[in-house]
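Please keep the model open while you read these notes. They are meant to be checked point by point.

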Amino acid sequence: MTRSATLAGVFDDLAPGYDHDHHEAVARALLDLVGAGPAEAVADVACGAGAVALQLARSRPSAAPPVLAVDVSPGMIAAGRSRAASAAVAAAIDWRLADAVPLPVADHSLDVVLCASSLHFLGARVLDDWRRALRPGGRVGFTLPSATHFRPSERFSALLAADVPLPAGAEDAEAWITAHGFAGAVSRVHTLGTRRVVVTTATTPDDR
Ligand SMILES: C[S@@+](CC[C@H](N)C(=O)[O-])C[C@H]1O[C@@H](n2cnc3c(N)ncnc32)[C@H](O)[C@@H]1O
């Protein structure tokens, strides 16, 4: 079984009892830091049940381009579609059941790539694809659990990407994304109940 298929199975199992409250709070923190203009092309990578895509869809005018929402788990995508229909924003999100890499977009066509609570499963390979997909000066925004508070189960530990070190704080996250060729990194630490999350934004260098 491929790694992506294993992850899809794990998150299909989790979809019915998913902790929406926590992920909504993470999405709010991410969108507070990064934001997206009404005309900007945005992707929610490893969108799960759409915490980020839904908040964005609810806050944008109906003429905004649909948010591209990609996830490998059929259960998560089904939950997201159902939540979007209930929130009357079905047309504002373009759901895709697919691996996050490569994103199903043309080169340099996105303004913003958002990725909540997922980069540590996807691995650093996504960063090359984000640079491909983003226009020069485009923005990334991602969240990672802080190493100081993350206590994954054995099942989750086995799925973590070895090349995405969990940050202890803002400086670690900023240094990591800068070392991978992004500019202007800014990170913030949020404590959400018993969990701590590091939220980061950075831009692709405008030098192509
Ligand atoms: C902890 S959940 C976060 C979901 C969502 N971003 C949120 O904030 O609620 C991690 C998500 O990553 C997805 N995922 C893991 N590996 C993936 C891959 N290779 N391609 C696409 N999605 C992936 C899982 O299916 C799952 O929905």
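1. Basis. This is a predicted model: local features need pLDDT of at least 70, side-chain atom pairs count only at pLDDT 80 or more, and totals for chains, interfaces and linings use all residues. Residues are numbered from 1 along each chain as its sequence is written. Helices (H or I, at least four residues) and strands (E, at least two) are DSSP runs, numbered from the N terminus.

2. Length of α2. Helix α2 covers residues 20–33, which is 14 residues. At 1.5 Å a residue it should span 20 Å, and its end C-alpha atoms are 20 Å apart, so the two agree. The expected span is 1.5 Å times one less than the number of residues.

3. V26, A27, A29 and L30 are the buried residues of α2. They cover an arc of only 160 degrees around the axis, so they lie on the same side of α2. The arc is taken from the directions from the helix axis to the C-beta atoms. D21 and D32 are exposed on the other side. Buried means 20 or more other C-beta atoms within 10 Å of the residue's own, exposed means 12 or fewer, and partly exposed is in between; C-beta atoms are placed from the backbone.

4. Packing of α2. Its buried residues pack against α3 (51–59), β4 (110–115), β5 (134–145), β6 (183–192) and β7 (195–203). Contact here means C-beta atoms, placed from the backbone, within 7 Å. Just after α2, G35 has a positive phi of about 65 degrees.

5. Loop between β3 and β4. The peptide bond joining V101 and P102 is cis, with omega about 0 degrees. H108 is also in the loop between β3 and β4. Its phi is positive, near 55 degrees, though H108 is not glycine. H108 counts as partly exposed because it has 14 C-beta neighbours inside 10 Å.

6. S117. This residue lies in the loop between β4 and α5 (119–122). Phi of S117 is positive too, near 60 degrees. With 20 C-beta neighbours inside 10 Å, S117 counts as buried.

7. Ligand shell. Which residues come nearest to the ligand? Of the 24 around it, they are H23, A46, G48, S73 and A116. A residue is near if its C-beta atom, placed from the backbone, lies within 6 Å. α1 gives the most to the shell, with four residues.

Notes:
Two residues are in contact if their C-beta atoms, placed from the backbone, lie within 7 Å.
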